[in-house]
Amino acid sequence: MAEDERPGSSADGEGGRRIQRSPLPSACDPVAAATPPKPDHGPVRIGPGEPLPLGLHDCCDGSNIAVFSRHATAMTLLLYDTAGAAEASLRLPLDARRHRTGDIWHARLTGDLRGRFYALQADGPRSPADGHDFDPDRTLLDPYAGSVTGLSGDAGPRCVIADQDFDWADDAPPGRPWSETILYETHVRGLTIDPSSGVRRPGEYLGVVEKIPYLRQLGVTALELMPVQAFDPEAAGRHDPLSGTRLPDYWGYNPVALFAPMPGYAGAVAPGGELDAFKTMVRELHRAGIEVILDVVFNHTAEAGRDGPTYSFRGLDNAIYYVLTPEGDYADYTGCGNTVNCNHPVVRSLVVDCLRHWVIHFHVDGFRFDLASVLGRDAQGNLLANPPLLEQIAEDPILRNVKLIAEAWDAGGAFQVGRFPGRRWAEWNCHFRDDVRRFWRGDPGTIGAFATRLAGSSDLYQSGGESPLNSVNFISSHDGFTLNDLVSYARKHNEANGEDNRDGLDENYSDNNGVEGPTVDARIETIRLRQIKNLLATLLLSRGVPMLLGGDEFRRTQAGNNNAYCQDNAVSWYDWSLAERNAELVAFVRRLISFRQAHPILRAESFYTDAEVTWLGPAGGPPDWHGPDNRLGCLVRDRGTTICLLFNAHPTPCRFTLPSVAESGWEVVIDTSTDTTADTPSGAGRETTAGSIRLDAHTTIVAVSRSEDVEV
C-alpha cells in the first residue's frame, strides 16, 4: 500500500520542507549509482515529483513520472505486479495541489520499480462536441512509455518499467553521406520469419543480425525498417474472405506507443527485453557499416475514428492531440480515421522528444516519415507555408546529423514532391517510380521524362536550390507491386485482403508480358528477367539516392497483391530459396552497386552540366525527345573515364552508333540481354572497337572508355 505524503517522508525534508531532487540520473551520487540497488517491491512511497522530463524515468531514490493533460480534472497512477494482471496492485490518485504543475501531472515513487508495470486513468469533461472524451475507468498508456506489453492481451496494454542501460561497446554511427547511401527497405518480421531464411531467431530483431553478411555482400548501406513503433498486430479489423479468420496488422502503420520498440519482434523475452534486442540489432548493423532508418508514423494513431479503440491520446487529451472538426469529429487526412494535431506546441514537442529518444537511446541514424505532409498541417487542417514542426525537426541540435526522408503527400489531397518544406529533407520520388516504369513498359513519349529522372530530377529540385540527393529514387516499395510482380501482373490481385479488391493502387504502370502471373513459358520468363534487370540498372545508374525494396534482388513475389498490409504469411514473407534460384540476379545487383560506388559521377550531389553529359539517339545525334520508340543514350564524362549508357525499351532490336574514342575502345561492362555481367565494377567486360553496337529488345548496355577524348 502507498504511504501518505507527509512531512518527514522520503519525499520531504525536515519539518515538511521539500528537498529538490533532479529527475535525471546524472544528479545522483556517483558512488551509489555504481552499485545498483536491489529491486524493492515493498511499500511504495509517493512524493510530489517533478514535471520534467515527461514519461517515467529513474531518479536517485526511485522513479519520476510526468504526464501531460490540460483538460483532465483527476489523474490516477496504476501499478501492476505482473503484465497479465487485470487489477492494479496499487492505485495512486494524484492530488492536483501537489502533483500538478501547469498542464503536467507528476509524482515521485521511491524504490526500484523495475520489472513492474503501470498505466494511467484520467477523468475530465465528457463532451464529444468540445472534443473531450474522458472516462475515469479507462486504462491508458503513458504516451512517453519506452516499453509496453500486452498489446493483444485480454488484460490490456501496460507500460513496462524497464531499464534503458545497454552495453553499446564502441558503437558509433557510420555517418554515411547521402551520395554513398544505398537504402534497402524491409520488414523486421518478414525478412526472416520464413523457414527458408535459415536463421536461429526467425522474425526477430536478432534475425536481422543473422542476415548482415548477406546485406554487406549485396552492398546496401542502410536498412529502412518498416514500423517498429509498438502496434497491436490484431487490430486490422478485416477477415480472410476464404477462411473467415481475422487478418492482422502486418505492416504496423497504426502505432500505439511511439517511444517503444515493437515487443513482438524480440521473441520469447521478458517484458522490456525487446530494448536489448533492438539495441543489439542496431549495434551489430553499425559494426557492419550499415545505418538504421526507421519508418515512423506521426500522422495518425491506432485510435482511429470515433468508434476506434482508446489506448492513450484520446483518453488523456483528445482535443489537443487530434485535428477535430467544429462538431468535435475527427478530421481524416490520413485515410485511417484520425489526424494527429502535429503543429500544436505540445504535440510538436512530443514528436521531437520521440525522435530524440530513438536517436539517444537506440542510436538510429534517420527516419522516413509516413504521410509527412500531415506534419505541415495546422489545427484546421490547412497546409502551412513554413510548418514549425518541420523546421524544428530539421534544426534540432540532437537530430542535426540524422537522415530525414519524407513521404511528401497525404490522403487529404496534399502532394508536395519537389516542394516539401526545408532543404534538409529528402523525399520519396514517386515521379521517378512512375516515369521509369512507363518508359520500360514502352509507353510512347516518355524519353524526356526518363532522361530527367536518370539525371536527378532537376525539374523537381533545381529551382529550389536543392540537389539530386533530395530525391530518394525507387522503382518499388512496400506500398505497391514487388519488382517481380511489376513485370508479371497487369492488374492488382488483392482479394485476400477482404476488401473486394478495392484497396491498393489501380494504376501501377505494370505489364505481365504475355501471361497474368507465374508461367513456364521460357520466352516470357526471359523478357521478365530482362525487364527486372533494366529497372534495377536504371535505379542504380541514376543520380539521387537509390532505394531497393528488400527481396527485389531475387524476385520476391506477393502473387500480385499490391497492398499486403494484412498478409502475415507467405504472401509477404521472404522466400530465401529464391535467392538461390536467382543467384545470377543477386550477383547482377551486387555488381551494379559496386559499379555505382566506383564511379562517383553517377551519384554526385549536383546536377549534370553540359560538360559532363551528352544525350544521344541511336544514330549518334541528338535523341528524338518526343519519339515513340523509347531509345536513348548518353555519355557521362568523369575525370579520365567516359561512361556510355544505352537504353532500348522497344520490343525490337536496334543499333546505336558509338562515339569515336581517340586512344581506347569501349568496354561493355553491363548488358541486360546476356546471362553474365562483368566481374568487376569497371572492367573485365567484352571490348568493342566497332562503330556501332547492337541492343537487343528491352536491353540496357553500359560501356566504359578510359579516355575523356570522345568524339560525338
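Visitor: What should I know about the model before we start?
Guide: This is a predicted model, where local features need pLDDT of at least 70 and side-chain atom pairs count only at pLDDT 80 or more, while totals for chains, interfaces and linings use all residues. Residues are numbered from 1 along each chain as its sequence is written, and side-chain values use heavy atoms, leaving out hydrogens and water.

Visitor: Why is helix 14 called roughly parallel to helix 16?
Guide: Helix 14 (residues 522–541) and helix 16 (residues 583–598) pack at an angle of about 20°. Angles under 35 degrees count as roughly parallel, so helix 14 is roughly parallel to helix 16.

Visitor: And what makes helix 7 oblique to helix 8?
Guide: Helix 7 (residues 313–321) and helix 8 pack at about 120°, with their axes 10 Å apart. Roughly perpendicular covers 65 to 115 degrees and roughly antiparallel starts over 145, with the rest oblique, so helix 7 is oblique to helix 8.

Visitor: Which residues make the contact between helix 7 and helix 8?
Guide: Phe313, Ile320 and Tyr321 of helix 7 meet Val346, Val347 and Leu350 of helix 8, where contact means heavy atoms within 4.5 Å. By class, that gives six nonpolar, no polar and no charged residues.

Visitor: How many residues are in the largest nonpolar core?
Guide: That core has 178 residues, and Leu294 is one of those touching the most other members. Members are buried (under 20% relative accessible area, 1.4 Å probe, protein chains only) and joined through side-chain atoms within 4.5 Å.

Notes:
Buried < 20%, exposed > 50% of the residue type's maximum accessible area, 1.4 Å probe, protein only. Axes fitted to C-alpha atoms, helices over the stretch in contact; angles between N-to-C directions. Helix = DSSP H or I, 4+ residues; strand = E, 2+ residues; numbered from the N terminus. Nonpolar A, V, L, I, M, F, W, Y, C, P; charged D, E, K, R; others polar.
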